[in-house]
Every structure is written in structure tokens, then in C-alpha cells.
Amino acid sequence: MKRLAVHSTMMASVGYDANQATLEIEFRTGDVYEYFEVPREVFQALLDAPSKGRFFHAEIEAVYRFAQVARAPTRRR
């Protein structure tokens, strides 16, 4: 899924698949999650939100089913 870079201390990029109603978020940690059955309006509101982290916590995090699709690479010591 193609993602757009966003200005956020929490997220690096977000994408949306309208056919599947799936929101994909890449967090600054490098982890990537998909959120299912998310209306397009919620995706647009996330893009428009002055604080994407606050919007995520209030409107997405505990509302939609999700799955982690990528993990941040582990750092070697």
C-alpha cells in the first residue's frame, strides 16, 4: 500500500486502501499496522488533524480491528 509521509512525532507515514477500507500506519518506531473497516472520512480526518497522535488515540486505536504487518528491524549491539 502506498503511504504518504506525515508531520507527526508518532507516525512516519499513513496510507489508505479504499477498496478494502484499510488504513495503514507506519509508526516512528518502524512498526507498521493495518486497521480494518476504517471509513475514508476517518482517514481524511487523520490527515487533517493538527495532532495525528491525539486523533489516533481518540478515534482509531481502540475502535478498529488491527494487525501488525511489519516490525521495526532489531538493532545489533
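**Strands and core**

Reply: This is a predicted model, so local features need pLDDT of at least 70 and side-chain atom pairs count only at pLDDT 80 or more, while totals for chains, interfaces and linings use all residues. Residues are numbered from 1 along each chain as its sequence is written, and side-chain values use heavy atoms, with hydrogens and water left out.

Me: Why is strand β2 largely enclosed by the rest of the structure?

Reply: Strands are DSSP runs (E, at least two residues; helices are H or I, at least four), numbered from the N terminus. Buried means under 20% relative accessible area (exposed is over 50%, partly exposed in between; 1.4 Å probe, protein chains only). β2 spans residues 11–17. It is largely enclosed because the number of its seven residues that are buried is six.

Me: How many bridges join β2 to β3?

Reply: Two strands pair if DSSP finds at least two bridges between them. β2 and β3 (residues 22–27) run antiparallel, with M11 opposite F27 in β3. Their bridges number six.

Me: Which residue takes a positive phi in the hairpin of β2 and β3?

Reply: That hairpin has four residues between the strands. The phi is near 55°, and the residue is A21.

Me: Which residues have the most contacts inside the largest nonpolar core?

Reply: A nonpolar core is a set of buried Ala, Val, Leu, Ile, Met, Phe, Trp, Tyr and Cys residues joined through side-chain atoms within 4.5 Å. The largest one has 18 residues. Those with the most contacts inside it are M11, L23, I25, Y35, L46 and I60.
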